[in-house]
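I am opening the notebook on the ligand sites of this model. The entries follow the order in which I looked things up.

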Amino acid sequence: MNLVIDIGNTAAKIALFEGSVMVEVVYASNRSLECLESLCSKYQVEQAIVATVIDLDGELLSRFGALRLPILWLNSQTPLPIVNLYETPETLGYDRIAAVVGAHEQFPDKNVLVIDAGTCITYEFIDSNGQYHGGNISPGLQMRFKALHQFTGRLPLLESDGRKLPLGRDTETAIRAGVHKGIEYEIAGYITEMKHKYSELLVFLTGGDEFSFDTSVKSIIFADRFLVLKGLNRILNYNNGRI
Ligand SMILES: Nc1ncnc2c1ncn2[C@@H]1O[C@H](COP(=O)(O)OP(=O)(O)OP(=O)(O)O)[C@@H](O)[C@H]1O
Ligand SMILES: CC(C)(CO)[C@@H](O)C(=O)NCCC(=O)O
Ligand SMILES: [K+]
């Protein structure tokens, strides 16, 4: 079995795969990965891949060592089943390239826009020849709420859930609608622009945050919460025998 770990800025996701089938997924703290050892004793793990976008402390690193598993630490040197055209592959987030690999595995001969709504929202483009062109990074849902509060004197920190109006009628609804509509228009804008350039465009939406869209946008979106984990598993299998 493959142990697949995606350590993000908000949470870590740990999954087990048999071949290309995900058999379990657990959310954990990105600092302590508390369930690491128990998952490894529950399953017969043969190899692992770890992708992190944060620095890990020595204690966590030694816990990985104690697992006594071959571990592929995803980095810019790792062979990938796609062509990476990013000008600075050494600074590219591993979750971003993994999401692209996950989407390309499912639709290898399509142009795909991959949207990952986590701590940040990322927009990635891979073409039907398997060439990853790059993409954009913008603030995520929680980050937008926090930024409005932190950088002003009068704006409260709001929850994403709550009263929703198309146009705010008080501070609370104004902030909530501003954040939600901002993200929805942003996503719809990317889709419209990219569809203009590539008429046969598929759109993948992944990450923990879900949004509501009008039906025309909704009809072309594939939602797959675990695209990053699936992409990491694909990268691990692609490198089978090399670790
Ligand atoms: N089973 C779950 N356990 C914990 N959080 C969950 C679960 N399902 C959904 N979530 C939601 O998903 C969010 C995490 O989303 P996701 O894993 O895509 O990105 P993130 O961890 O916020 O970002 P990053 O990967 O950049 O750290 C959490 O904020 C939480 O609201
Ligand atoms: C953009 C995030 C924070 C998204 O998780 C991550 O992919 C990251 O830290 N990226 C590094 C910068 C880059 O991708 O070019
Ligand atoms: K993410």
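I looked up where ligand 1 sits, and the space it takes is the largest pocket. I count as a pocket an open set of points on a 1 Å grid over the protein atoms alone, with protein on both sides within 12 Å along at least five of seven lines, and a molecule sits in it if more than half of its atoms lie within 2 Å of its grid points.

I note that this is a predicted model, in which local features need pLDDT of at least 70 and side-chain atom pairs pLDDT 80 or more, while totals for chains, interfaces and linings use all residues. Residues are numbered from 1 along each chain as its sequence is written, chains are lettered from A and ligands numbered from 1 in the order in which they are written, and side-chain values use heavy atoms, with hydrogens and water left out.

I then listed the shell of ligand 1 (residues with a heavy atom within 4 Å), which includes Gly-8, Asn-9, Tyr-27, Gly-118, Gly-207 and Arg-225. By class this shell divides into two nonpolar, seven polar and two charged residues, with Gly counted as polar and Tyr and Cys as nonpolar.

For polar contacts I took pairs of N or O atoms within 3.5 Å. An oxygen atom of ligand 1 lies 2.7 Å from a backbone N or O atom of Thr-10, and for Ala-11 the corresponding backbone distance is 3.3 Å. Lys-13 brings a polar side-chain atom to 2.6 Å from an oxygen atom of ligand 1. The protein buries 63% of the 620 Å² that ligand 1 exposes when taken alone, by the Shrake-Rupley method with a 1.4 Å probe.

I turned next to ligand 2, whose shell includes Asn-9, Val-53, Tyr-86, Arg-96 and Ile-137. An oxygen atom of ligand 2 is 3.2 Å from a backbone N or O atom of Thr-91, and one is 2.8 Å from a polar backbone atom of Gly-93. For Asp-95 it is a polar side-chain atom that lies 2.5 Å from an oxygen atom of ligand 2. Of the 390 Å² of accessible area that ligand 2 has on its own, the protein covers 77%. Two or more residues of the shell come from each of α3 (94-106) and β8 (120-126), these elements being DSSP runs (helices H or I, at least four residues; strands E, at least two). The shell of ligand 2 divides into five nonpolar, four polar and two charged residues.

Technical notes:
A polar contact is a pair of N or O atoms within 3.5 Å; within protein, one must be able to donate a hydrogen and the other to accept it, and residues adjacent in sequence count only if both atoms are side-chain atoms. On a 1 Å grid over the protein atoms alone, a cavity is a set of points where a 1.4 Å probe fits but cannot get out, and a pocket is an open set with protein on both sides within 12 Å along at least five of seven lines; lining residues have an atom within 4 Å of a point.
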